[in-house]
Amino acid sequence: MGFFSKLFGTQQKEETTMENVKVAVIYYSSTGTNYKMAQWAEEGAKEAGAEVKVLKVPETAPQGAIESNPAWKAHVEATKDVPEVTLADLEWADAIIFSIPTRFGNVPGQVKQFIDTTGGLWFNGKLANKVVSAMTSAQNPHGGQEQTILSLYTTMHHWGAIVASPGYTDPVLFTTGGNPYGTSVTVDQEGNMVENVEPAVKHQAKRTVTVAGWVKQGNQ
Ligand SMILES: Cc1cc2nc3c(=O)[nH]c(=O)nc-3n(C[C@H](O)[C@H](O)[C@H](O)COP(=O)(O)O)c2cc1C
């Protein structure tokens, strides 16, 4: 077996469909990139057989800040009907896929604010064994994409979650920047995605569902 065959040797198993896996795709987005990625993740997870909810992290920025940025204002308006994530959603989910933009190489304050409300769930062991995976975007390819995902994964380790990063489990990873921690995309000055990450997002979502299915089955 060659190097790449070995590298991708688990692909067939990973694409096995998984029923009854519940996935929360939780995103924060100011200008729409991470909402789009969340929608692709929803499609990928559904194709893998999962039940999926797309949920937004509550906005905490002052209204004045939103109003001062037309793209931000338009995105808030366009997604006003997307449900906000609650602690009950976290408890419901077998798997969680996060999509969040970088903020100086770290998670957005809005996301940290939400994460810091999960202490009660954590204390009661309700976050242990959640299968999690994360995606991100940034203005620059080296503007903190990897670091943002790893920052979020730090918290996931404290939760006792099981991180299902994509690694190099599919050739598609090599066409989208090759970030093994999670899909990441560069956004240009006009807010357009530079790389076509849709296939990588869908692969990551399917893999997350598959790993969650294994964990769920093994836990029954
Ligand atoms: C406060 C702030 C900090 C940011 N920091 C960085 C950064 O360190 N590196 C970078 O490449 N982009 C940075 N960006 C750009 C965002 O990551 C980019 O706008 C975002 O990924 C777009 O995603 P969205 O459309 O889902 O909001 C920053 C943006 C803001 C508002």
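**Ground rules.** Residues are numbered from 1 along each chain as its sequence is written, and side-chain values use heavy atoms, with hydrogens and water left out. As the model is predicted, local features need pLDDT of at least 70 and side-chain atom pairs count only at pLDDT 80 or more, while totals for chains, interfaces and linings use all residues.

**Rings.** I searched the whole structure for aromatic pairs and got three. My cut-offs: rings of Phe, Tyr and Trp (its six-membered ring) pair if their centres lie within 6.5 Å; planes under 30 degrees apart are stacked, over 60 edge-to-face, and the rest tilted. One of the pairs is tyrosine 27 with tyrosine 35, tilted, at 5.1 Å centre to centre and 35 degrees between the planes. Tyrosine 168 and phenylalanine 174 make a stacked pair, with 5.3 Å between centres and 10 degrees between planes.

I then looked up accessibility (buried is under 20% relative accessible area, exposed over 50%, partly exposed in between; 1.4 Å probe, protein chains only). Tyrosine 27 is buried at 2%. Tyrosine 168 is partly exposed at 31%, and phenylalanine 174 is partly exposed at 45%.

**Lysine 53.** What does the charged end of lysine 53 sit over? I found the ring of tryptophan 92 there, with its centre 4.2 Å away. (The test: NZ of Lys or CZ of Arg within 6 Å of the ring centre and within 35 degrees of the ring normal.) Lysine 53 also has a salt bridge to aspartate 89, with the closest N and O atoms 3.2 Å apart. That pair links distant parts of the chain, aspartate 89 being in helix H6 (residues 87–92) and lysine 53 in strand S2 (residues 51–56), 36 residues apart. Helices (H or I, at least four residues) and strands (E, at least two) are DSSP runs, numbered from the N terminus. Aspartate 89 is buried at 8%, whereas lysine 53 is partly exposed at 30%.

**Other salt bridges.** The whole-structure search gave me 10 salt bridges, meaning a side-chain nitrogen of Lys or Arg within 4 Å of a carboxyl oxygen of Asp or Glu. Among them is aspartate 94 with lysine 216, at 3.0 Å from N to O. Aspartate 94 is in the loop between H6 and strand S3 (95–101) and lysine 216 is in helix H10 (residues 198–218), so this bridge ties together parts 122 residues apart in sequence.

Glutamate 198 and lysine 202 pair at 2.8 Å; both lie in helix H10, four residues apart, about one turn. I also noted that Glu43, Glu198 and Lys202 are linked in a salt-bridge network.
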